[in-house]
Amino acid sequence: MESDGKASVVEFLEDGSQKSIVFQAHSIGVNAGSWAPPQKENIQERRLVTGGCDNLVKVWKFDSAANTYVEEAVLQGHTDWVRDVAWSPSLLSKYYIASASQDRTVIIWTKEAGSSGAWKKQLLTDDKFPDVCWRASWSLSGNVLAISGGDNKITLWKENFEGKWESAGEVDQ
């Protein structure tokens, strides 16, 4: 991730060499990136999500013919820099991406697995966080989300049966 808006993906090859793919991801700086979990039906399909200083979240798909990443979706909803993006590591019935922002909000983006439909956005909580949201991180099972902020707290969140996000506590130091 670079301040000029470019993202770089470095691939390490079997012979020990490496190759880099650099692409223009955001109009200004790129703050974060996260890989999508592999899909069962197509393990070779590579996707990633980026968050930038242009207040956008973007989903990218590798195009093998062009040997670069192409923009698959632009997700709008933040009013300030996107500080972190995290793609849930488990693929259940939906994809989940969390984006944490300087605007003191976290958005959960969802899309039905295997669908070509649009990403849906949902604020993690109706109220803004007390300070900037710096980092978002999913549990290995993908069902608990941790958010760290400028207030030096880490809060945990879990989706309930109605599809709403509720507090699952705080992490003590």
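Trainee: Is W119 buried or exposed?

Mentor: This is a predicted model, and in it W119 has 13% relative accessibility. Buried means under 20% relative accessible area, so W119 counts as buried.

Trainee: Which ring does W119 pair with?

Mentor: A pair of aromatic rings is described by the distance of the centres and the angle of the planes. For Y95 and W119 the values are 6.2 Å centre to centre and 40° between the planes, a tilted pair. Y95 counts as buried too, at 6% relative accessibility.

Trainee: What does the pair of Y95 and W119 tie together?

Mentor: Y95 belongs to strand β8, residues 94-101, while W119 sits in the loop between β9 (106-112) and β10 (120-123). The pair therefore ties together parts that are 24 residues apart in sequence.

Trainee: How many aromatic pairs does the structure hold?

Mentor: There are 11 aromatic pairs. Among them is the edge-to-face pair of F129 and W157, with 6.0 Å between centres and 70° between planes. F129 lies in the loop between β10 and β11 (133-138) and W157 in strand β13 (residues 154-159), so this pair ties together parts 28 residues apart in sequence. F129 and W157 are both buried.

Trainee: Which residues do ring pairs link into a cluster?

Mentor: The cluster consists of F23, W35, W60, F62 and Y69. One of these rings, F62, has R46 over its face, at 3.9 Å from the ring centre.

Trainee: Now the strands. In what order do β7, β8, β9 and β10 form a sheet?

Mentor: Strands of a sheet pair through backbone hydrogen bonds, either parallel or antiparallel. Here 4 strands make an open sheet, ordered β7-β8-β9-β10, with antiparallel pairing. β7 (82-87) and β10 are the edge strands; each has a single partner strand, so one side of each is left without a neighbour in the sheet. On average, neighbouring strands of this sheet are turned by 20° against each other, direction ignored.

Trainee: How many bridges join β8 to β9?

Mentor: The antiparallel strands β8 and β9 are joined by 7 bridges. As for individual residues, Y96 has T110 in β9 as its bridge partner.

Key
Residues are numbered from 1 along each chain as its sequence is written. This is a predicted model: local features need pLDDT of at least 70, side-chain atom pairs count only at pLDDT 80 or more; totals for chains, interfaces and linings use all residues. Side-chain values use heavy atoms; hydrogens and water are left out. Rings of Phe, Tyr and Trp (its six-membered ring) pair if their centres lie within 6.5 Å; planes under 30 degrees apart count as stacked, over 60 as edge-to-face and the rest as tilted. Helices (H or I, at least four residues) and strands (E, at least two) are DSSP runs, numbered from the N terminus. Buried means under 20% relative accessible area, exposed over 50%, partly exposed in between (1.4 Å probe, protein chains only). A charge sits over a ring if NZ of Lys or CZ of Arg is within 6 Å of the ring centre and within 35 degrees of the ring normal. Two strands pair if DSSP finds at least two bridges between them. Axes are lines fitted to C-alpha atoms, for helices over the stretch in contact, and angles run from 0 to 180 degrees between N-to-C directions.
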